[in-house]
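Take a look at the model first.

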Amino acid sequence: MNLRVYIIRRLLLLIPVILGVTLLIFAVLQFLTPFQRAAAFATNPQDLRPENIDRTIERYHLNDPVWVQYGIWIQQVFTGNLGLDRNQRSVATVLVQRAPATVELAVYSGIIIVIGGIWQGTVAARWKDRAPDHATRVLAISGWSLPTFWLGLLLLAFFYGRVNWFPPGIVSDWVTIDRVNPGAFTRHTGLYTVDGILNGQLDVTWDAIVHLVLPVFTLSFVSWAIITRIMRSSMIEALSRDYVKFARAKGVPESVVVRRHARRNALIPVATVSGFVVAGLLNGVVITETVFVRPGLGEYAASAAVNLDITAVLGFTLVNAFLLVITNLVVDIMYAYIDPRIRLE
Amino acid sequence: MQPRIREAKFGLNRMKQNPLSIVGLAITLGFVVIALAAPLLAPSPCGRPEVVSCNPNDPFVMPNYGYETEPLPPSADHPFGTTPGRPGRYDIYYGVVWGTRNAFRVGIVVVGLALLIGILLGLVAGYYGGILDEIIMRIVDVFLTFPSLILAIAIVAAFGQNLGNIMIAVAIVWWPSYVRLVRGDVLAAREEGYVQSVRALGASDARIMVRHILPNAVYPILILASMDIGSVVLVVAALSFLGLGVGSNYADWGGLVNFTRDLIVGQAGGDPLAYWYTYVYPGLFIFLFVLGWNLLGDALRDVLDPRVRRR
Amino acid sequence: MVDRVLIVGGLKVNFYTYAGVVKALDGIDIDLRPNETHGLVGETGCGKSVTVHSLIKLIPMPPGKIEGGRALLHAPVTCRTCRGKGCPECGGSGTLDTCEACGGATKCVKCRGFGRYKDGKSCRTCGASGLCASCGGSGSRYLDLLALSAKQMREIRGGSISMILQEPMSALNPVLTVAEQVGEAFYYHQRAALVHGTLAALDRALKDIETSRKSRWRRPILRWYRFLYRRMERDPESRLLQSLRRVPVVRRYHRWLAREMRAQSLDALNMVRIPSPEKVLDSYPHELSGGMMQRVVISIALASHPRVLIADEPTTALDVTIQSQILRLMADLKGQLGTAIIFITHDLAVIAQVCDRVSVMYAGTIAESAPTLPIFREPLHPYTRGLVRAIPGPHEDVQRLPEIAGSVPNLVTPPSGCRFHPRCPFAKAVCKEEKPLLLEARPSHRVACHMYGPYAEQWTDADRLLPQEVVTR
């Protein structure tokens with residue numbers, strides 16, 4: 001069965017989900033008064049001033065029947081207008097500005113989680129019930145139970161407070177003051193680690209890495225634990241299967257049996273979980289950025305929530321939902337790639 | 001009833017074999033004791049001269065010992081120390097003890113609520129199937145598309161920051177997974193012989209669902225769901241930590257940790273480790289609580305999993 | 001031609017579990033003759049699978065442990081002096097086939113063939129038989145499977161001894177294509193032949209370029225590949241070459257070998273008579289029917305022309321029409337390749353159809369071992385008699401199948417002495433005390449039962465063979 005057809009089908013199924021997502025956010029919006037809702041549509045701070053507010057409400061049909069409002073809102077959202085936040089800045093613009101910081105954190109964490117978790121799960125399964133396995137299980141279950149924010153605080157207290165190795169924030173002050181502001185450093189991608197290389201200023205890259213160590217560790221810890229557990233149990237399951245026995249009976253070396261036969265099958269449940277892992281990353285980013293004072297998407301959402309900045313929170317939520325939808329799609333496709341049986345559906 | 005007792009005994013036996021599950025059980029029981037004995041362990045000190053403000057009617061409001069910025073280290077008066085004075089010096093020991101009770105309250109209510117909705121919708125979806133099933137499952141999918149914490153934040157931000165809203169928000173985030181589980185079990189049970197025969201006898205749909213399918217399908221899910229109490233507390237703690245919680249003087253673990261954020265990040269070189277007690281104790285309680293539930297849940301899951309039981 | 005391909009003697013295997021020590025195998029003796037199909041029959045749980053799995057060390061060794069015994073595989077080596085061509089060293093045959101221990105003398109090295117020492121104690125090494133333990137008294141060269149290192153065992157598995165499993169559906173990895181899995185067998189056992197073929201293909205390609213003068217840019221690449229493969233010829237296990245397979249662009253060299261593997265796999269599939277083998281090669285297991293999958297499994301097992309094929313209930317999971325096809329296929333291939341087959345099953349009908357000799361197992365011991373016809377015509381062991389009697393014939397009008405009383409014993413606490421004695425209608429005191437050895441009661445017909453052993457006089461001839469129990473077919 002064709003991989004391509006499967007992808008197309010999945011894309012089509014996406015539409016009702018996106019519809020539902022937008023409906024849900026819209027429903028939450030409806031609980032606010034038209035004055036508050038106006039902020040979700042406005043593009044210009046002037047529109048929200050008392051003398052202009054009624055005109056704004058008129059323009060966006062905020063007193064009209066629900067379905068009309070929904071239509072207008074969808075239109076606005078898909079043209080990139082997520083409204084103005086409490087500080088009168090365009091939500092969409094702020095999100096775009098802050099995105100690179102979050103991307104940097106999330107991507108590095110993601111890589112570590114996936115590679116680390118798969119590797120450790122394999123090791124734990126291979127040496128089942130022996131020292132590496134026990135150590136892994138203890139770590140995994142602690143990781144799963146640990147509050148992310150607490151871990152972050154503890155790490156920060158020691159590694160920053162006591163020994164000052166890994167400070168919070170994204171980059172040190174000298175980077176901003178001496179390099180970026182005077183124009184000596186162009187931010188091509190917004191990711192300091194990459195930009196450092198692109199600018200030929202590796203000290204900036206190093207500085208960014210130093211600031212990334214603790215946040216990445218904190219963010220990865222919980223998800224790593226999840227992946228390790230799943231990988232371990234699915235590896236144990238796979239290793240007990242007949243085709244593994246047959247492969248051994250064929251005379252295939254054990255390392256190849258583990259790698260080629262068992263692991264590829266064991267990755268299937270892991271692929272299923274990776275959707276959750278990404279969701280966990282998105283969740284975790286909110287907390288991690290807050291703890292380590294990194295001005296990214298998560299920190300924006302957290303402070304917006306505390307300050308009752310509805311538009312910002314809702315804009316952020318919407319973006320997240322879309323991200324997750326796309327991620328699930330990618331995961332499903334990857335799934336179909338790994339396991340040929342799925343394509344039959 | 002007999003086979004159930006036998007199964008339970010077998011299950012208990014297996015649990016005894018696993019040392020981690022015993023640890024989990026011990027931890028959880030310990031917390032239960034703390035929660036129940038809260039009034040004894042941390043009686044309300046209202047009326048004492050050092051207490052600046054206090055609410056004798058609501059023990060969950062922590063007594064305030066002053067507004068000086070510097071937190072007090074652990075001492076005889078304050079076994080776990082106090083929080084920094086902004087917004088108020090609260091006794092951490094008092095906070096974590098009553099926080100235990102709060103945690104149980106929140107956990108049970110949220111899981112209970114989520115279960116209620118989940119079971120209802122799951123039963124209906126599984127039993128009636130067809131278009132109703134499709135609709136419900138699509139709704140579930142939509143909810144599951146949101147990262148849980150973020151959706152909870154959105155709901156709390158929109159509706160207002162109080163304990164009730166937090167519990168509702170987390171319940172809203174939680175119920176979709178239960179629907180899936182219940183629906184699966186109901187689908188399986190629906191085809192069983194006994195359901196067909198009762199239907200042939202003319203029993204109404206509601207009666208079948210409640211009296212026949214529900215007990216069988218839902219029993220394991222109840223147990224699994226109660227294990228979610230730990231995870232729920234974790235989410236609520238995160239929300240409180242972010243500042244979306246109840247109000248800073250409420251006995252809530254996450255809220256207690258929130259106090260110390262500035263302490264740590266604010267000064268480099270001003271040794272935040274000196275104030276370790278402000279964040280270590282509350283966080284430790286959260287960690288142990290969740291750990292206990294997770295260990296217990298793991299053990300129970302092992303026991304209930306038919307494939308593993310064969311040994 | 002040697003008279004035994006595989007000699008198993010006194011194989012003891014225990015499993016150390018939570019519930020106790022499971023004494024799964026209690027001294028198994030099996031003789032496998034060249035080119036014969038040897039059936040291993042018994043109830044579920046009697047240890048048939050454990051026996052064959054132990055031979056190639058496939059049992060999980062943490063709970064399992066091989067406590068003792070020997071498993072000798074006839075393993076003549078190519079004469080090193082002449083490399084198989086024939087020389088005075090090897091007596092012209094090209095192979096060295098003398099037992100390393102006794103040098104062909106067939107006498108036990110420890111007791112010098114006497115079986116006992118001066119003080120009357122029987123020789124432990126040869127079990128009082130006096131024959132050399134390393135060659136079973138044949139004088140030929142044997143390999144003790146139980147004493148091999150992990151690396152050596154890996155070469156044996158799939159190489160000299162192959163195994164096919166019960167459910168073909170689960171024996172094949174669902175995420176790999178048939179080509180990848182059949183090719184694996186060749187890759188790990190026929191590497192030399194593959195490299196040889198690849199070099200030949202490379203040479204042909206290079207010559208083509210010379211003559212046709214087209215695509216001359218490929219010449220240096222092909223020359224580079226040829227260099228690599230020549231290295232591989234000299235050192236097939238080369239770590240360096242294997243690690244090169246991980247490097248993105250460089251690893252393309254492997255494609256030539258893969259093409260060779262595919263050609264060989266195609267031949268293998270043709271050998272098992274799979275229709276449209278090209279399509280099958282690129283299919284995934286779940287796209288094939290049960291019979292096809294079993295053929296693929298057989299082709300994998302026979303890829304390197306093993307001396308012994310272990311078939312662990314190969315037809316149990318297939319329906320009857322496919323079953324007969326597969327059995328016929330196996331018989332044909334056996335003749336073609338000269339492989340001996342150990343055929344495990346609990347279906348006596350299949351045994352009758354396919355096997356030359358049969359060993360009946362009960363609760364971890366061999367009860368009886370004889371050619372097929374005598375087993376059915378003249379079953380000596382009471383257990384075998386019970387089994388054979390339970391088969392209804394078409395001309396009989398049975399109300400109720402005669403059954404063997406009792407049930408299979410718990411192997412944690414097996415019965416003392418003869419493991420069958422609690423269920424045996426002929427049991428006497430000695431049966432509870434002493435374990436009967438597998439001895440020859442008739443020519444070529446061995447039984448482990450005291451009725452035919454040293455204590456035979458305790459029973460009458462009537463016990464041994466009740467005329468009306470004789471089954472005539």
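Before going on, some ground rules. This is a predicted model, where local features need pLDDT of at least 70 and side-chain atom pairs count only at pLDDT 80 or more, while totals for chains, interfaces and linings use all residues. Residues are numbered from 1 along each chain as its sequence is written, chains are lettered from A and ligands numbered from 1 in the order in which they are written, and side-chain values use heavy atoms, leaving out hydrogens and water.

The domain bounds come from an automatic or database domain assignment:

| Domain of chain A | Residues |
|---|---|
| domain 1 | 3-78 |
| domain 2 | 98-338 |

Their centres, taken over C-alpha atoms, are 32 Å apart. About 1,400 Å² is buried between them, 89% of it from carbon and sulfur atoms; that is the accessible area (1.4 Å probe) the two parts lose on being put together, summed over both. Helices here are DSSP runs (H or I, at least four residues), numbered from the N terminus.

Now for α8 (residues 173-180) of chain A: A:V175, A:R179 and A:V180 are buried, meaning under 20% relative accessible area (1.4 Å probe, protein chains only). Seen down the axis, the buried residues of α8(A) fall within an arc of 70°, so they line one face of the helix; the arc is that of the directions from the helix axis to the C-beta atoms. Their cover includes α9 (192-198) and α10 (202-239) of chain A. A:D173 and A:I177, on the face turned away, are exposed, which is over 50%.

Terms used:
Helix = DSSP H or I, 4+ residues; strand = E, 2+ residues; numbered from the N terminus. Contact = heavy atoms within 4.5 Å.
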